[in-house]
Amino acid sequence: MNRTVDDIAPMAPPASFPMEGHEAVPVVGEGDRSSGARSGGAALHLDAPLAPETPCVHCGLPVGPRPVLGAAEGDSLPLAFCCTGCRVVYEALGAAGFGETYYRLRGVAASTRALSSLGGRPAESDALQLAELDTEAFLGQHTTEVGESLRRTQLFLDGVHCAACVWLVERLPFEIDGVAEAVLDLPRARLTLTFDPEEVQLSEVGRWLARFGYAARPMRVQTAGRRTEAERTLLVRLGVAWALAGNVMLLAFAFYAGLDADADATMATFARWVSLALAVPAVAYGGAPFFRRAWASVRLAWRARDPRRLHIDTPIALGIGVGTLHSAWATVTGQGEVWFDSITVLIAALLTARWLQLRSRRLAGDASERLLSLLPSMVRRVSATGETVVARLDELARGETVEVPAGEVVPVDGAVTRGTSQLNNAVLTGESRPVPVVPGDAVEAGATNLRAPLHVRVEATGTATRVGRLLKWVRDEEGRKARVVLLADRLSGYFALSVLSLAALTAVAWSLLAAPSVAAQHVVALLVITCPCAIGMATPLAMAVAAGRAARRGIFLKSDAATQRLTEADTVVLDKTGTLTEGRMTLVETVPADGVDADAALDLAAVLEADVVHPIATALVAARGCPVQSAATFEAEAGQGVRGLVDGHAVVVGKPSWVWAQSARAPAPLTAAIERFAQAGHTPVAVALDGQPAAVCAIGDRLRDDAPAVLRALEAAGLTIHLCSGDHPAAVAAVARTLGIPAERAHGGVAPEAKRAALEALQAEGRVVVMVGDGVNDAAALRAADVGVAVGGGSTASLVAADVFLTRPGLAPLAEAFAGTARTLGVVRRNLGISLVYNVGGAAAAMLGLVTPLVAAVAMPVSSLLVVASSILQRSFPSDPGNGGAGEPAHAASSTSRLAAS
Amino acid sequence: MAVLYVLIPLALLLAGAGVLAFRWAVRSGQFDDVETPALRMLMDNEDMLIDGERMLINDERIRPGNDLASRRPS
């Protein structure tokens with residue numbers, strides 16, 4: 001019997017599972033803190049508060065200063081979680097009887113390359129997105145029919161990260177009737193679901209997954225399917241090419257071992273004809289991509305009247321073509337040498353490099369598509385009768401009203417008609433402070449409603465909204481971005497020209513010295529042996545290996561062009577909010593008055609602020625942990641602060657001027673500190689205890705800890721640093737001062753569209769500009785820059801526009817990306833050097849008439865293998881920067897085995 | 001040496017069969033994700049069928065001492 005969702009109700013009580021490495025954390029003090037504390041104001045102090053670095057029982061991340069405690073069982077101590085989400089999932093796993101297996105498997109193997117940037121934290125599901133899964137339109141567009149009554153679909157699954165997740169998600173068929181098969185692709189966070197739409201609704205599956213902290217999101221973009229298809233086609237081509245090359249090589253061994261017309265004429269002819277039969281499909285099918293690209297580049301170069309435009313595929317196609325034709329003629333006439341083995345191995349090796357390159361880009365491409373699936377496409381429409389119905393965004397007309405509950409994203413541009421709340425516009429404007437909204441205020445799609453439900457009159461939807469226009473613009477710009485000429489391509493034009501002139505020279509010289517047939521022989525040898533296999537592999541291999549290693553370090557390089565461009569940059573433009581700073585309000589600094597314990601004073605202040613809905617209050621409470629006391633009296637004055645009686649003390653917290661008016665005169669150090677905070681762009685908050693000034697603290701968007709070090713590293717690398725932010729100029733100037741950026745390079749109050757103009761102005765000066773930012777407000781600038789780098793853990797739509805994105809929090813990956821790409825380019829140059837040395841030697845030998853098929857069969861693979869080894873042994877993105885490349889043998893080994901196995 | 005005229009075509013046929021098998025494997029998506037299957041083998045035998053009902057290996061009902069445990073397949 002299969003159990004359905006409703007049957008999973010508590011089979012066992014939420015138990016504390018015995019787990020290795022996740023033992024219940026000793027917590028001093030017992031019972032439920034919050035309820036015990038609130039009743040009667042009895043002060044319940046924790047003797048020793050939980051260390052903030054204690055790992056969360058569910059996700060293993062530090063619990064932080066305000067842990068959520070689970071229920072204690074009997075004598076055991078309560079379990080500590082980092083957030084309510086983790087606790088809910090832990091209890092749901094226990095209730096369903098999955099806990100023990102889940103936590104055991106999770107310890108076994110964790111994937112570090114999974115797309116999910118949440119660590120082990122559960123993802124939050126959106127009820128509207130689940131509702132979308134059940135619509136006719138979704139079933140029609142995004143599912144395919146398989147078998148009698150079954151349909152198959154693919155969903156993005158946020159929150160999957162380890163072996164235990166695979167196990168849990170793939171239990172779906174056992175848990176929900178109507179699900180026939182569930183297959184999870186962990187690195188790409190993609191769930192392939194086969195289900196019976198008659199028996200089960202997708203939203204039911206989504207709700208089951210949501211219980212365990214996985215958010216199923218509809219996959220809106222179809223390019224992922226196209227990319228998979230392209231990858232498969234190339235892989236089949238690769239397999240066929242190697243199979244043919246292997247057999248041709250086998251027959252060639254017979255020739256090298258002495259088989260010729262004198263030894264056994266029939267056998268020699270037979271072997272040649274079989275080789276020809278095998279080589280023709282290898283060239284026609286395996287080599288087709290090279291001929292196609294070579295032809296395109298010849299036409300381009302012809303139109304531009306510039307032979308330097310010739311692509312690296314042109315000499316490759318020339319060598320393959322001439323070699324094959326000559327060998328075929330030799331087979332038919334029975335005269336001359338055949339080069340089939342060298343040619344077929346060449347094709348297979350080049351295809352392998354291309355495939356590795358394609359494969360190394362897949363994660364970066366998937367990540368930006370996953371973001372598009374986060375944008376809301378369903379809305380809650382308020383009908384004329386006042387009812388709320390869930391509808392598709394595209395069914396909505398101007399003038400209609402939608403409801404936006406707290407915690408959801410505003411789906412449209414419009415005006416508030418009912419409700420008062422606060423919005424977080426960080427994604428749009430970069431402003432981290434919540435903005436209060438009242439009826440009549442304009443709101444924009446993409447903002448998050450923080451507090452209370454709102455009714456919004458629709459003015460624009462979809463691509464007509466500001467965020468929609470920006471995203472559309474990004475997509476339109478895609479083709480317009482200047483094509484970067486890769487290092488190897490710059491060489492290839494000259495390379496093709498020199499090979500052709502050398503061939504002409506050889507033909508003339510040998511025609512004079514010997515018969516024309518001998519000359520032809522040597523020209524073919526020259527074209528085959530200089531066929532730039534190693535040059536063709538030099539860039540893609542080095543770049544593919546680097547991209548794979550970078551991805552493990554949380555750095556996703558979307559293209560080779562971006563990798564190369566990053567090393568050529570001379571200017572970095574940084575956004576402030578969320579890039580240099582953490583993007584949220586925190587307690588930055590506290591200055592106590594003489595003889596006052598700052599922590600104790602802030603603890604009392606936090607008690608008062610605990611119930612206040614204001615970002616500054618929230619920051620204060622977050623800094624001091626969840627208060628265990630409650631205020632005896634409480635009084636708030638709008639826009640000024642709060643006062644009350646806590647633990648026998650009269651506490652006043654708020655604007656310094658307001659607080660000092662109710663206390664003794666503030667001592668000089670405190671007023672000086674307030675002055676300093678204001679200059680630094682922070683909001684000063686004063687605390688007075690029993691009529692005496694106790695402390696002042698600065699609340700603000702704190703700089704990331706690693707920002708100064710990273711900026712110094714970038715400057716040391718010769719980059720000019722600019723600041724460009726939508727924030728108030730004073731705040732930007734303050735940050736610039738702290739970081740030592742000259743005032744003339746710090747620009748505040750820059751609107752998103754103006755950022756792009758500022759970048760283009762810099763580019764007009766001839767600079768190669770890297771833009772680092774996050775949020776939709778930076779999207780236009782990221783795209784306009786030579787390289788756009790998106791930071792911030794990878795959850796904003798800016799990733800779509802970026803060329804490089806960093807999923808590890810902090811700025812350290814930025815410095816690593818600059819250093820790593822510089823080393824990668826070094827490897828590319830080294831590879832090109834090796835190839836050129838080989839080619840010069842090969843050309844000289846061929847012109848002297850020393851190259852036979854046997855020489856080519858040995859020399860060509862050796863040169864390619866040198867390039868392969870040089871690429872794999874690179875140390876561009878070491879897994880542990882302090883440890884060189886020692887931690888990376890796994891990838892190197894898998895690349896070699898792929899090459900060897902095919 | 002005459003046997004080679006038979007063996008070489010035979011070898012080519014075998015190679016052709018291998019290529020066809022490879023093509024089928026690629027088309028059916030077996031190379032799309034090469035990382036998850038490595039994890040999947042860790043969780044074999046986590047579920048089992050007992051009396052037609054699927055259970056987890058850590059299910060209370062099949063713990064030693066419970067009546068179902070005696071019927072647990074080895």
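## Two helices side by side

In chain A, helix H17 (residues 487-513) packs against helix H31 (residues 812-847) at an angle of about 5°, and their axes are 12 Å apart. Keep in mind that this is a predicted model. Angles under 35 degrees count as roughly parallel, and H17(A) and H31(A) are therefore roughly parallel to each other.

Which residues make this contact? From H17(A) come A:Leu487, A:Ala488, A:Leu491, A:Leu502 and A:Thr506, and they meet A:Val828, A:Leu832, A:Ala843 and A:Met847 in H31(A). By type, the residues of the contact of H17(A) with H31(A) are eight nonpolar and one polar, with no charged residue.

## Nonpolar cores

The largest nonpolar core holds 173 residues, and A:Val789 and A:Val804 have the most contacts inside it. Helix H19 (residues 533-552) of chain A supplies the largest share of this core, with 14 residues.

What does A:Val789 touch, leaving aside residues up to four places away in sequence? Its neighbours are A:Val770, A:Met771, A:Val772, A:Ala802, A:Val804, A:Phe805, A:Leu806 and A:Leu814. There is also a second, separate core of 56 residues, with A:Val63, A:Tyr90, A:Val166 and A:Ile176 among them.

## Strand E11 and its partners

Strand E11 (residues 413-418) of chain A pairs with strand E16 (residues 454-460) of chain A in the antiparallel sense, over five bridges.

Six strands of chain A form an open sheet with antiparallel pairing, in the order E19-E24-E23-E22-E21-E20. At its edges are strand E19 (581-592) and strand E20 (633-637) of chain A, each of which pairs on one side only. From one strand to the next, the twist averages 15°.

E20(A) joins strand E21 (residues 641-646) of chain A through five bridges in the antiparallel sense. Among the pairs, A:Glu635 has A:Arg643 in E21(A) as its bridge partner.

Helix H22 (residues 598-609) of chain A packs on this sheet, where it touches E19, E20, E21, strand E22 (649-654), strand E23 (683-689) and strand E24 (692-703) of chain A. The direction of H22 makes about 80° with that of E22(A).

Terms used: Residues are numbered from 1 along each chain as its sequence is written. Chains are lettered from A and ligands numbered from 1 in the order in which they are written. This is a predicted model: local features need pLDDT of at least 70, side-chain atom pairs count only at pLDDT 80 or more; totals for chains, interfaces and linings use all residues. Axes are lines fitted to C-alpha atoms, for helices over the stretch in contact, and angles run from 0 to 180 degrees between N-to-C directions. Helices (H or I, at least four residues) and strands (E, at least two) are DSSP runs, numbered from the N terminus. Angles under 35 degrees count as roughly parallel, over 145 as roughly antiparallel, 65 to 115 as roughly perpendicular and the rest as oblique. Two residues are in contact if their C-beta atoms, placed from the backbone, lie within 7 Å. Ala, Val, Leu, Ile, Met, Phe, Trp, Tyr, Cys and Pro count as nonpolar, Asp, Glu, Lys and Arg as charged, and the others, Gly among them, as polar. A nonpolar core is a set of buried Ala, Val, Leu, Ile, Met, Phe, Trp, Tyr and Cys residues joined through C-beta atoms within 7 Å. A residue is buried if 20 or more other C-beta atoms lie within 10 Å of its own, exposed if 12 or fewer, and partly exposed in between; C-beta atoms are placed from the backbone. Two strands pair if DSSP finds at least two bridges between them.
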